[in-house]
Amino acid sequence: MWKIIEVVIIAIYSILPDDPFVPILESIQVSGMEYLSFMNWFLPFDICSTMMLAWLNCILVYYAFVLVKKLAYIVIKEIFSKISLTALAGGIGKV
């Protein structure tokens, strides 16, 4: 049984190309890869990626805060809905 699975996996693996990105990388190296450093001077990719990552972290923290706030509101509402208003007021108004 394992031999059949091994033969099928090897057959599938032999059908697939070695690397689908080789033609893309070869075309980039031929067509102006030396200009990438000049383009990086006008648009600094490392700084842009760092700023985008910081922005994403801020958004994730905000959404986590909103989620915790909603969960806390639901828990507090559930706790106080079980306590009657007369117990909270100490029985004010009873004669």
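How far does helix α1 (residues 2-15) reach from its first C-alpha to its last? Select α1: its 14 residues reach 20 Å, close to the 20 Å expected at 1.5 Å a residue. That expected span is 1.5 Å times one less than the number of residues. Helices are DSSP runs (H or I, at least four residues), numbered from the N terminus.

This is a predicted model, where local features need pLDDT of at least 70, side-chain atom pairs count only at pLDDT 80 or more, and totals for chains, interfaces and linings use all residues. Residues are numbered from 1 along each chain as its sequence is written, and side-chain values use heavy atoms, with hydrogens and water left out.

Stay on α1. The count of buried residues there is zero. Buried means under 20% relative accessible area, exposed over 50%, partly exposed in between (1.4 Å probe, protein chains only).

Zoom out to the protein chain. Of its 95 residues, 1% count as buried.

Next, select Met39, Trp41, Phe42, Leu43 and Phe45. They make a nonpolar surface patch of about 630 Å². Such patches join nonpolar side chains (Val, Leu, Ile, Met, Phe, Trp, Tyr) within 5 Å, from residues with over 30% relative accessible area and no salt bridge. Helix α3 (residues 36-42) gives the largest share, three residues. Pick Phe42 in α3. Phe42 is exposed, because its relative accessible area is 67%.

Finish at Tyr62 and Tyr63. The structure holds one aromatic pair. Tyr62 and Tyr63 form it, tilted, at 5.7 Å centre to centre and 55 degrees between the planes. Rings of Phe, Tyr and Trp (its six-membered ring) pair with centres within 6.5 Å; planes under 30 degrees apart are stacked, over 60 edge-to-face, the rest tilted. Tyr63 counts as exposed, at 54% relative accessibility.

Note on methods: Helices (H or I, at least four residues) and strands (E, at least two) are DSSP runs, numbered from the N terminus. Patches are made of residues with over 30% relative accessible area and no salt bridge: like charges are joined within 9 Å, nonpolar side chains (Val, Leu, Ile, Met, Phe, Trp, Tyr) within 5 Å. Accessible areas come from the Shrake-Rupley method with a 1.4 Å probe; for residues, only the protein chains shown count as cover. A salt bridge is a side-chain nitrogen of Lys or Arg within 4 Å of a carboxyl oxygen of Asp or Glu.
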